Amino acid sequence: MKGVVRTRVGYSGGTKVNPEYYSLGDHSETIEIDYDPGVISYKELLQVFWMSHDPTRQAWSRQYMAAVFYHNEEQKRLAEVSRDSVQERLHRNIVTRIIPAAQFYLAEGYHQKYRLRNQPDLMEEFTRTYPDERDFINSTAAARINGFLYGYGSAEEVDSEIDRLGLPPEMARKLHEYVNGR
């Protein structure tokens, strides 16, 4: 998605210190999104969020609870307005929660950039480029490509970003083929 700089998955919303996947306590699985507000607005991110899940379905556990974690009053207001708009459109009760952001704990490495990790031909190059796992997790290129692999963005957007992502030609070709083939 144009304007998204970095994504990282993790855990938030609970009280346990240093949660892990098999020991979450009362945290929920979350995604942290760093974005360029000059390219995409918080309001636009919320639109994608509401379209990406069923906000009327109650999660069967806190781990999978759908929530918007807001960082300030303006984000809270925008989240509530967008929730109300979705509820009006669907004519159903929205159970997705809107709650204050809390400590974000980074999930284990194998959870990061999941779709990209399952493309061995693309991951081979990323492993060479980012031998340190933390650099891979924080990479804008990895975040953008993972998003493209999940279907966020068109082949035209891939073409327009290839040079900025710094991909070698063969890797760029493979990514383009994948996006065109879905």
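**View 1. Surroundings of Leu-122 in the predicted model.** Leaving aside neighbours within four places in sequence, Leu-122 is in contact (heavy atoms within 4.5 Å) with Leu-116, Ile-145, Leu-149, Met-171, Lys-174 and Leu-175. Leu-122 lies in helix H4, which covers residues 120-129; helices here are DSSP runs of H or I with at least four residues, strands are DSSP runs of E with at least two, and both are numbered from the N terminus. With a relative accessible area of 3%, Leu-122 counts as buried, a word that stands for under 20% relative accessible area, whereas exposed stands for over 50% and partly exposed for values in between, using a 1.4 Å probe and protein chains only. This is a predicted model, in which local features need pLDDT of at least 70 and side-chain atom pairs count only at pLDDT 80 or more, while totals for chains, interfaces and linings use all residues. Residues are numbered from 1 along each chain as its sequence is written, and side-chain values use heavy atoms, with hydrogens and water left out.

**View 2. Leu-122 and Ala-142.** Although Leu-122 and Ala-142 are 20 residues apart along the chain, their C-alpha atoms are separated by 9.9 Å.

**View 3. Arg-8 in its strand.** Arg-8 is found in strand E1, made up of residues 4-12, and it is buried, with a relative accessible area of 15%. When residues up to four places away in sequence are not counted, Arg-8 touches Thr-30, Ile-31, Glu-32, Phe-104, Leu-106, Gln-112, Lys-113, Ile-137 and Asn-138.

**View 4. The side chains of Arg-8 and Asn-138.** These two side chains, of Arg-8 and Asn-138, are joined by a polar contact of 3.3 Å. A polar contact is a pair of N or O atoms within 3.5 Å; within protein, one atom must be able to donate a hydrogen and the other to accept it, and residues adjacent in sequence count only if both atoms are side-chain atoms.

**View 5. The chain around these close-ups.** The protein chain has 8 helices and 5 strands, and along the sequence they follow the pattern β-β-α-β-α-β-β-α-α-α-α-α-α. Of the 182 residues in the protein chain, 38% are buried. Among contacts between residues at least 6 apart in sequence, 68% join residues at least 24 apart. Taken along the principal axes, the C-alpha atoms of the protein chain fill a box of roughly 50 × 35 × 30 Å.
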